[in-house]
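Morning, everyone. Please look at the model first.

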Amino acid sequence: MSTRRPALLDLDPAVVRRARRLARTAGKPVVDLAKAHTTVSVERATLRLAGLSGADHEGTPWVNHLVDAVRSGPGLEHGVTTPVWDALRRGEAPDLLTLAQKASSGGVQFRLPEGRDLTGSRKAARSAVAKGIRAVDAQRRTRERMVAKIGDAPRTPWIYLIVATGDIHEDIPQAQAAAREGADVIAVIRSTGQSLLDFVPEGATREGYAGTYATQENFRLMRAALDETSKELGRYVRLTNYASGLCMPEIAALAGLERLDMMLNDSMYGILFRDINPIRTFVDQRFSRQVHARAGIIINTGEDNYLTTADAVESANTVTVSQLLNEYFAKEAGLEDWQLGLGHAFEINPDLPDSFRMELAHALLARQLFPDAPLKWMPPTKHMTGDVFRGYLLDGFFNLVGAMTGQGILLVGMMTEAVVTPWLSDRDLALQNVRYVMDAAGGLTEDFHPPRDGFIQTRARQVLSEAVELLDEIVSDTSTRGTAHPQPLLAAIADGTFGAMKRPPTKGKGLDGVVVKADGYDNPATTLLEEGATR
Amino acid sequence: MSDTERGPLVRPYGDTTGDGMVQVSFTLPLPHDKRAEGAALQLAAKMGMSPALLVHAKPMGPDFTFFVVYGSVTHLVDLREVHVVEREFPLLTSAEVNQAVRTHLKRKLVVVGACIGTDAHTVGIDAILNIKGFAGEKGLEYYRELKVVNLGAQVLVPELVASAREVGADAVLVSQVVTQKDAHIHNTTAMSAAFREAFPAGQVPLLVVGGPRFEEGSAQALGVDRVFGRGTTPGEVASYLVHELVASRTSPDPRGEQR
């Protein structure tokens with residue numbers, strides 16, 4: 001999406017290499033930890049890929065019933081699929097859905113098969129899950145075909161607008177209207193609190209809390225509506241949702257099956273801001289990113305959030321560190337540069353002298369460090385005071401930084417941030433603001449070269465070197481060596497390095513859903529994703 | 001100019017005393033045409049703007065029009081009928097707060113803070129509690145005689161009650177920023193009810209909520225002891241805690257001297 005630009009900041013390539021090396025050193029032990037565990041949500045996502053959907057009359061999904069039943073039988077240490085397809089082969093039920101229904105009332109005896117039964121069950125499971133993977137592949141091809149045939153967003157940054165009514169049937173006309181007004185990307189904000197549900201709600205939903213539940217049916221309905229609008233407008237309008245919270249892997253799978261185009265998917269957001277257990281998050285995150293990689297989904301990371309709790313100047317380096325970690329985790333899971341919507345935000349206190357120059361420096365640093373990633377540029381929220389006039393000006397300056405530094409995805413700021421959920425007129429004014437700045441100053445990327453060793457270059461280098469220092473500090477922390485959780489990154493998360501939140505690996509929500517894999521663990525989804533296989 | 005010089009009656013000020021000028025913007029669900037502009041002026045007149053000047057009208061899609069209207073309002077504001085909640089406690093410096101706690105309470109004053117429910121916006125509670133503080137004032141963690149436990153975001157009410165009990169909280173500070181569908185009201189009443197159920201009467205910690213959208217004087221309706229609104233500084237909160245928990249205490253602390 002972005003073209004390579006001349007080095008605007010004169011960053012020392014050796015420092016950049018060192019930064020990436022340190023991110024790898026910090027991330028690798030956590031990847032190893034993730035590989036050694038599975039979670040209830042990873043197992044449920046696998047069953048969803050094998051085609052199991054729906055819920056009982058109380059709304060508990062069948063995937064939850066089946067995973068719980070296997071867990072209380074032979075356990076999840078070997079993966080859910082082997083005992084499940086063993087039961088199917090033994091004729092406990094004619095199909096997966098009936099098996100789940102029977103299992104929900106305790107009517108199925110699960111076991112861990114051996115010998116030929118083991119091989120046979122694994123083969124059957126792989127074949128079932130492969131169907132889901134092929135469906136994901138087909139959706140990716142459909143997207144590529146539609147973009148080629150209908151047309152793509154006319155320019156970058158892509159204009160990203162949020163819809164949030166709580167009712168999917170209200171969201172649809174609003175999303176279509178937003179697309180007609182100029183949005184290239186529609187994000188349907190999730191109902192507050194969905195991240196802490198340990199199941200994915202089912203069906204079309206009309207009752208959300210400050211947002212709309214992410215469900216397979218809601219995904220399908222919205223994508224179908226936007227397909228219609230895309231054809232009408234002659235450009236493919238992308239759809240975004242959230243692969244985060246306790247059901248991150250399942251939501252990623254549903255996004256792949258229903259052709260969502262972007263997913264919010266940060267490596268640490270759930271840990272820091274939702275108090276979800278760190279190990280649970282890293283395991284779920286790796287699986288969800290493998291799915292996103294396969295589905296051709298662009299991930300959006302959440303570095304902007306750190307700056308809502310920590311100071312945007314003092315903690316600028318934590319944003320860079322998190323971007324580097326997100327990049328490492330993403331690439332390890334198979335995502336490519338064009339899929340990395342690494343986040344950053346315009347959150348410096350506008351009362352500080354040179355705040356705009358610092359914003360420019362930070363945004364350019366991200367642009368230069370990740371030249372081939374789309375980058376997601378997030379508007380001011382923390383210093384939006386309710387003075388909507390000042391807010392409109394701030395959003396204009398935010399747009400200007402976006403234009404001058406060639407950001408890939410621009411979340412449109414609303415002057416009524418912190419006052420009301422956006423009104424129709426707020427959105428219209430906000431889009432006028434974006435259009436004015438892009439038309440008036442979009443070409444500045446060509447003229448704007450910060451002077452050598454000037455304020456911007458110096459500030460960017462300072463943030464980078466502070467990021468390297470912080471990474472160095474993280475990886476050389478040996479205080480947890482020899483304990484149950486020796487990974488230095490986990491120690492850093494525990495002592496409040498990011499977003500000033502302290503999250504130890506032994507605490508947080510969803511820890512009871514984490515399972516250590518046994519030697520014979522098998523998950524056909526992971527295998528198919530890692531091999532790139534289709535059968 | 002003081003209030004008395006201005007008299008009890010005031011009007012909005014544009015550029016001349018008494019001109020009554022205001023500006024409003026709004027959207028009508030009408031396509032942009034002469035009729036829509038007339039409708040906007042009718043609304044302005046009904047809002048008491050006379051004469052009203054329609055300075056901007058812009059279609060937003062086929063079905064809506066956005067308006068900006070300037071005009072002089074015919075209404076007068078009578079200052080004698082304006083009622084506000086005045087601060088009921090003296091403002092203390094951090095040294096005075098520490099001194100008061102040390103001499104009268106003879107132990108540290110324990111404060112537990114959290115964002116409850118699904119609210120993840122810790123900016124309010126952090127501004128009050130974190131050392132970094134707000135508006136140039138250091139947060140409560142800076143006060144030597146206060147013991148601060150900040151539980152962070154999305155704390156469940158039962159967790160908050162348990163933590164308050166565990167550390168023997170004198171006061172519980174809850175921040176609520178998200179207000180969609182009155183979430184801040186529901187969360188706060190649920191929280192106060194839980195505390196009143198979990199603690200014997202008279203031993204409930206002082207319950208304080210803060211957030212930009214709480215109404216002044218709504219404490220009683222919410223079941224809490226005090227509500228703080230937009231722009232509250234850590235010093236005000238600390239002064240209030242001293243006023244309620246330290247200065248006015250005439251009987252010995254029922255929870256013992258040392259905890």
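Three elements of chain A, namely helix H13 (316–332), strand S8 (343–345) and helix H14 (355–369), each give at least two residues to the lining of the largest cavity. Helices (H or I, at least four residues) and strands (E, at least two) are DSSP runs, numbered from the N terminus. A cavity is found on a 1 Å grid over the protein atoms alone, as a set of points where a 1.4 Å probe fits but cannot get out, and lining residues have an atom within 4 Å of a point. This is a predicted model, in which local features need pLDDT of at least 70 and side-chain atom pairs count only at pLDDT 80 or more, while totals for chains, interfaces and linings use all residues; side-chain values use heavy atoms, with hydrogens and water left out. Residues are numbered from 1 along each chain as its sequence is written, and chains are lettered from A and ligands numbered from 1 in the order in which they are written.

Back to that cavity. The volume of the largest cavity is about 120 Å³, where a volume is the space filled by probe spheres set on the points, and grid points are joined across faces, edges and corners. It has 17 lining residues, and those closest to its centre are A:Leu307, A:Ala316, A:Val319, A:His344 and A:His362. H14(A) provides the largest share of this lining, with 5 residues. Sorted by class, the lining of the largest cavity holds 11 nonpolar, 4 polar and 2 charged residues. For the classes, Ala, Val, Leu, Ile, Met, Phe, Trp, Tyr, Cys and Pro count as nonpolar, Asp, Glu, Lys and Arg as charged, and the others, Gly among them, as polar.

How many cavities of 30 Å³ or more does a search of the whole structure find? The search finds 5. The second largest cavity has about 60 Å³ of space. Its lining includes A:Val30, A:Phe282, A:Arg286, A:Arg289 and A:Glu332. H1, helix H11 (278–295) and H13 of chain A each contribute at least two residues to that lining, and H11(A) has the largest share, 4 residues. By class, the lining of the second largest cavity divides into 6 nonpolar, 1 polar and 3 charged residues.

Now the pocket. A pocket is an open set of points with protein on both sides within 12 Å along at least five of seven lines. Helix H15 (388–404) and helix H16 (424–441) of chain A, along with strand S2 (21–28) and strand S4 (64–73) of chain B, each supply at least two residues of the lining. S2(B) gives the most, 4 residues. The lining of the second largest pocket has 12 nonpolar, 4 polar and 1 charged residues.

Next, chain A as a whole. Chain A has 20 helices and 11 strands. Its C-alpha atoms fill a box of roughly 70 × 55 × 40 Å along the principal axes. Of the 535 residues in chain A, 62% are buried, where buried means under 20% relative accessible area, exposed over 50% and partly exposed in between (1.4 Å probe, protein chains only). Among contacts (heavy atoms within 4.5 Å) in chain A with a separation of 6 or more, 76% are between residues 24 or more positions apart.

Last, the backbone. Most residues other than glycine have a negative phi, and most peptide bonds are trans. A cis bond joins A:Thr156 and A:Pro157, with omega about -5 degrees; A:Pro157 sits in the loop between helix H6 (115–150) and strand S2 (158–163) of chain A. The bond from B:Ser50 to B:Pro51 is also cis, with omega near 0 degrees, and B:Pro51 is in strand S3 (residues 49–60) of chain B. A:Asp10 is not a glycine, yet has a positive phi of about 55 degrees. A:Asp10 belongs to the segment before helix H1 (13–35) of chain A, and is partly exposed, with a relative accessible area of 31%.
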